[in-house]
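Open the model in your viewer and get ready to select a few things. We will take the stops one at a time.

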Amino acid sequence: MSIPHLPPEIETLTPSWAGETSGLAHLVSTGLDTSHGQILYLQDVCVSFDGFRALNHLSLEIGVGELRCVIGPNGAGKTTMMDVITGKTRPDSGDVFFGETIDLTRHREAQIARMGIGRKFQKPTVFEAMSVADNLALALSGDKGVWASLRYRLSGVQHDRIDELLQITRLAEFSHRLAGLLSHGQKQWLEIGMLLAQDPKLLLLDEPVAGMTDAETEKTAELLCSLKGRHSLMVVEHDMAFVGSIAERVTVLAEGAVLAEGSLAQVQADERVIEVYLGR
Ligand SMILES: Nc1ncnc2c1ncn2[C@@H]1O[C@H](COP(=O)(O)OP(=O)(O)OP(=O)(O)O)[C@@H](O)[C@H]1O
């Protein structure tokens, strides 16, 4: 598949995964070492904004292939934590490692994306004037820039990968539909597919089911569960029913640190967790 007709308005579109900050790049050889079983390791991470501690000695580990849910009340530091992992925010102190050896505090956002950490923001950003398949083709075609990607001919392997991504994202029957005509949920799945096109080792998802119908939420749960093992995932979500349907292990953040960790039932029964949620 080539990408024949790019609409003129595309030049003005800058989705979250495009450009300098997150990169369309194929993964470079990063030397990622997960031989100890951890994909992500945060130790004693502190971030302050004008004297306010948004992260307060945060320590957290994610295992290879794990799907971890992170919950916590507003202002707990969930977004700041993802900003630190993706290089958007530099911690004041503490360690942030991707695998055993890659110190993420020494890399910039674009490099981190290229090394295999994908981030999905809450609002879907896809090229609305392009078809679903062409959005995926563009994501797959590397960091050539949009115009170069247009002239780029996809290989047979890349065609197969697009078909696979269409299956994974439940969008096969909509492959020729303009992305702008998809439902909110379908746009979210397409963006997840575009991130998967870059084969991330770790995928960070911020409230992936916000604004979805119940049916879409259920399909998203299936989709994310199907990615476990092949990718490691960190899902920040407020919808507890959804968390219960996907999570084996849940981390509760409060006041910039881990308050509790365990199954959803375990953390929901924890008095300290009940207290921060109910504000007693
Ligand atoms: N750039 C910033 N400047 C000043 N304060 C900030 C900044 N970013 C975050 N904060 C503060 O740090 C704290 C943690 O914010 P953060 O957005 O990480 O929390 P959160 O858990 O993601 O919350 P929510 O669930 O509401 O998205 C909040 O008190 C917030 O006001």
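The tour visits a ligand and then a pair of helices.

Before you click, note that this is a predicted model: local features need pLDDT of at least 70, side-chain atom pairs count only at pLDDT 80 or more, and totals for chains, interfaces and linings use all residues. Residues are numbered from 1 along each chain as its sequence is written.

**Stop 1: the ligand.** Select F49, D50, F52, A54, G72, N74, G75, A76, G77, K78, T79 and T80, the residues around the ligand (C-beta atom, placed from the backbone, within 6 Å of it). Two elements, β2 (52-63) and α2 (78-85), each give two or more residues to this shell. Helices (H or I, at least four residues) and strands (E, at least two) are DSSP runs, numbered from the N terminus. The largest share, three residues, comes from α2.

**Stop 2: two helices.** Now select α4 (residues 132-140) and α6 (residues 156-168), whose axes come within 10 Å and cross at roughly 125 degrees. Axes are lines fitted to C-alpha atoms, for helices over the stretch in contact, and angles run from 0 to 180 degrees between N-to-C directions. α4 and α6 are therefore oblique to each other (angles under 35 degrees count as roughly parallel, over 145 as roughly antiparallel, 65 to 115 as roughly perpendicular and the rest as oblique). To see the contact, pick A133, L136, A137 and L140 of α4 with Q158, R161, I162 and L165 of α6 (C-beta atoms, placed from the backbone, within 7 Å).

Key
Contact = placed C-beta atoms within 7 Å.
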